[in-house]
Amino acid sequence: LGLATRADVLEDMNSAGTSLYLVIYLTDSGRANLELVLDLVYAYVARLRQEGVSHRLYQTIARVNRLEWDWNDPAGPASTVEDFAERMTRLPPAHLLTGDSLVDRPDPEL
């Protein structure tokens, strides 16, 4: 349709909660047809809700997270302490080490 050149999904998780941002880089045509762009975004969200979790996509994300976990450089002591302090405000003790990195199983309620 030529309405956008790119879309990014960003998230911010902290002790106050989680925010999800969708950033769409519009073309001139997209800027001229904002209602159509929003209609398409909401239609896509409705489709996701209707079809549920894609297990194939979920498994791909799990593999990528595993590679990042295995190959990630260790963080410095100050950064590690900061991360653990933040995780302690929102995660049960059993999940402090894997926290936001390990993908166990799909949770359709999320």
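Reader: Why is Asp70 called partly exposed?

Author: The relative accessible area of Asp70 is 43%. Buried means under 20%, exposed over 50%, and partly exposed in between (1.4 Å probe, protein chains only), so Asp70 is placed in the middle class. The model is a predicted one, in which local features need pLDDT of at least 70 and side-chain atom pairs count only at pLDDT 80 or more, whereas totals for chains, interfaces and linings use all residues. Residues are numbered from 1 along each chain as its sequence is written, and side-chain values use heavy atoms, with hydrogens and water left out.

Reader: What makes the contact of Asp70 with Arg66 a salt bridge?

Author: The closest N and O atoms of Asp70 and Arg66 are 3.1 Å apart. A salt bridge requires a side-chain nitrogen of Lys or Arg within 4 Å of a carboxyl oxygen of Asp or Glu, and the pair therefore qualifies. Side chains of opposite charge can pair when their charged atoms come close. Asp70 and Arg66 are 4 residues apart in helix α3 (residues 55-71), which means a separation of about one helical turn.

Reader: Which other pairs form salt bridges?

Author: The whole structure holds 5 salt bridges. Among them is the pair of Arg90 and Glu86, with 2.6 Å between the closest N and O atoms. Another is that of Asp8 and Arg6, at 2.9 Å from N to O. Arg90 is partly exposed at 28%, as is Glu86 at 22%. In the other pair, Asp8 has a relative accessible area of 22% and Arg6 has 46%; both count as partly exposed.

Reader: How do you know which residues Leu22 touches?

Author: Contact means heavy atoms within 4.5 Å. Leaving aside residues up to four places away in sequence, Leu22 touches Ala7, Asp8, Val9 and Val41. Leu22 belongs to strand β2 (residues 17-26) and is partly exposed at 47%. Between the C-alpha atoms of Leu22 and Arg90, 68 residues apart in sequence, the distance is 24 Å.

Reader: Where is Leu102 placed?

Author: Leu102 lies in the segment after α4 (77-88), with a relative accessible area of 48%. Its C-alpha atom is 22 Å from that of Ala78, 24 residues away along the chain.

Reader: What makes up the secondary structure of the chain?

Author: There are 4 helices and 2 strands, in the order β-β-α-α-α-α from the N terminus. Helices (H or I, at least four residues) and strands (E, at least two) are DSSP runs, numbered from the N terminus.

Reader: How does the radius of gyration of the chain stand against that of a compact globule?

Author: The chain has 18 Å, whereas a compact globule of 110 residues would have a value near 13 Å. The radius is taken over C-alpha atoms, and the globule rule is 2.2 Å times the number of residues to the power 0.38. The C-alpha trace spans about 50 × 30 × 30 Å along its principal axes, and 8% of the 110 residues count as buried.
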